[in-house]
Amino acid sequence: MAINIKTEREIRLMRESCRRLADVFQNLEEAVRPGISTMEINILGDQLIRKHGCIPNFLHYHGYPASICVSVNDEVVHGVPRKKRILQEGDIVSLDAGLIYQGYHSDMARTFGVGRISPEAQQLIDATKQSFFEGIKKAKAGNHLHEISNAVAAYIAPFGYGIVRDLVGHGIGTHLHEDPQIPNFAQTRRGPRLRAGMTICVEPMINMGAAEVEWLDDDWTVVTEDGSWSAHYENTILITDSEPEILTLCE
Ligand code: MF3
Ligand code: CO
């Protein structure tokens with residue numbers, strides 16, 4: 001397994017790619033409200049990415065038909081935007097987007113509430129986000145990769161939520177998906193050693209119910225098998241000798 005170590009120049013480009021993506025996300029968050037269709041969110045996101053002079057990296061990726069993944073309620077990830085899928089008060093919606101800036105990819109995801117949402121849904125969103133931050137406490141040079149996975153899993157365990165196992169985080173750089181894979185569930189092996197200059201995406205996907213997921217007939221949209229709601233939280237981060245740098249953080 002070859003894990004790329006980025007040069008200073010590459011790190012600068014990664015930072016800029018991620019900064020632009022975070023900016024896109026701020027605008028997308030403001031657009032999330034009852035009455036908007038998932039297709040409108042996709043079109044807006046596509047326009048924002050291009051306005052920054054960047055290329056949406058999800059569009060046509062292994063045939064994916066849109067620039068933004070929009071996943072509602074029991075949809076976990078890779079929701080395919082549709083004109084007729086209208087967000088309603090109380091829904092939760094996961095947006096996942098990425099772009100290419102001068103050859104360098106960025107990737108991030110957030111779950112937002114649509115209008116007022118239930119306390120249970122809010123807790124799912126908050127726990128998913130916090131599990132990312134627990135995971136990256138272990139993301140420093142010299143540690144082993146799976147310390148991140150184990151920290152995410154340990155934080156989620158007391159909630160009784162299902163941690164999605166079929167999809168994982170990943171390295172990122174001149175490709176959207178590079179080595180290594182980054183699971184969000186407990187690992188028995190410790191995985192490769194982290195080194196300064198690695199850029200990776202940590203992205204817990206957490207279900208209110210069981211961990212099992214299935215694919216819809218569109219071959220993309222991943223839903224929970226039991227119909228329970230799901231949240232997603234992802235940032236592109238840079239491994240350093242001390243704290244990781246969260247390249248896509250915009251809040
Ligand atoms: N953002 C996803 C990931 O984190 C990739 C989505 S690829 C697409 O790995 F084709 F579905 F858009
Ligand atoms: Co990703």
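The model is predicted: local features need pLDDT of at least 70, side-chain atom pairs count only at pLDDT 80 or more, and totals for chains, interfaces and linings use all residues. Residues are numbered from 1 along each chain as its sequence is written, chains are lettered from A and ligands numbered from 1 in the order in which they are written, and side-chain values use heavy atoms, with hydrogens and water left out.

**Cobalt site**

- The cobalt ion (ligand 2) has four protein donors listed by atom: Asp107 (OD), His170 (NE2), Glu203 (OE) and Glu234 (OE), at 2.1 to 2.2 Å.
- Donors here are N, O and S atoms within 2.8 Å of the metal (3.2 Å for Na, K and Ca); water is not among the atoms, so sites may look incomplete.
- Along the sequence, these donor residues follow the spacing D-x62-H-x32-E-x30-E.
- His170 belongs to strand 7 (residues 169–171) and Glu234 to the loop between strand 13 (230–232) and strand 14 (235–238), so this pair ties together parts that are 64 residues apart in sequence.
- Helices (H or I, at least four residues) and strands (E, at least two) are DSSP runs, numbered from the N terminus.
- His170 and Glu234 are both buried; buried means under 20% relative accessible area, exposed over 50%, and partly exposed in between (1.4 Å probe, protein chains only).

**Ligand 1**

- Around ligand 1 (a heavy atom within 4 Å) are residues including Phe58, Tyr61, Tyr64, Cys69, His78 and Trp220.
- The cobalt donors Asp107, His170, Glu203 and Glu234 are also among the residues around ligand 1.
- The side chain of Asp96 places an N or O atom 2.8 Å from a nitrogen atom of ligand 1.
- An oxygen atom of ligand 1 lies 2.6 Å from a polar side-chain atom of His177, and for His170 the distance from a polar side-chain atom to an oxygen atom of the ligand is 3.3 Å.
- On its own, ligand 1 has 330 Å² of accessible area, of which the protein covers 96%; such areas come from the Shrake-Rupley method with a 1.4 Å probe, and for residues only the protein chains shown count as cover.

**Nonpolar cores**

- A nonpolar core is a set of buried Ala, Val, Leu, Ile, Met, Phe, Trp, Tyr and Cys residues joined through side-chain atoms within 4.5 Å.
- The largest such core has 39 residues, and Val32, Ile41, Leu87, Val93 and Leu95 touch the most other members.
- Two or more residues of this core come from each of helix 1 (8–31), helix 2 (38–51), strand 2 (68–72), strand 4 (92–101) and strand 5 (104–113).
- Helix 1 contributes the most, with nine residues.
- Beyond its neighbours within four places in sequence, Val32 is in contact (heavy atoms within 4.5 Å) with Ile41, Leu87, Val93, Leu95, Phe112, Gly113 and Val114.
- A second, separate core holds 14 residues, among them Ile148, Val202, Ile237 and Ile239.

**Helix 4**

- Helix 4 (residues 146–156) has buried residues at His146, Ile148, Ser149, Ala151, Val152, Ala153 and Ile156.
- These buried residues pack against helix 3 (119–136), strand 6 (162–163), strand 9 (199–202) and strand 10 (205–207).

- Cys69 sits in strand 2 and counts as buried at 3% relative accessibility.
- Leaving out residues up to four places away in sequence, Cys69 touches Phe58, Tyr64, His78, Gly79, Ser94, Leu95 and Asp96.
- Thr111, in strand 5, is buried, with a relative accessible area of 9%.
- Glu178, in strand 8 (residues 178–182), is buried at 10% relative accessibility.
- The side chain of Glu178 makes a polar contact of 3.1 Å with that of Asn4, and one of its polar atoms lies 3.1 Å from the backbone nitrogen of His175.

**A partly exposed residue**

- Ile86 lies in the loop between strand 3 (75–77) and strand 4 and is partly exposed, at 34% relative accessible area.
- Not counting residues up to four places away in sequence, Ile86 touches Gly35, Ile36, Ser37 and Asp91.

Terms used:
Polar contact = N/O pair within 3.5 Å; in protein donor to acceptor, adjacent residues only side chain to side chain.
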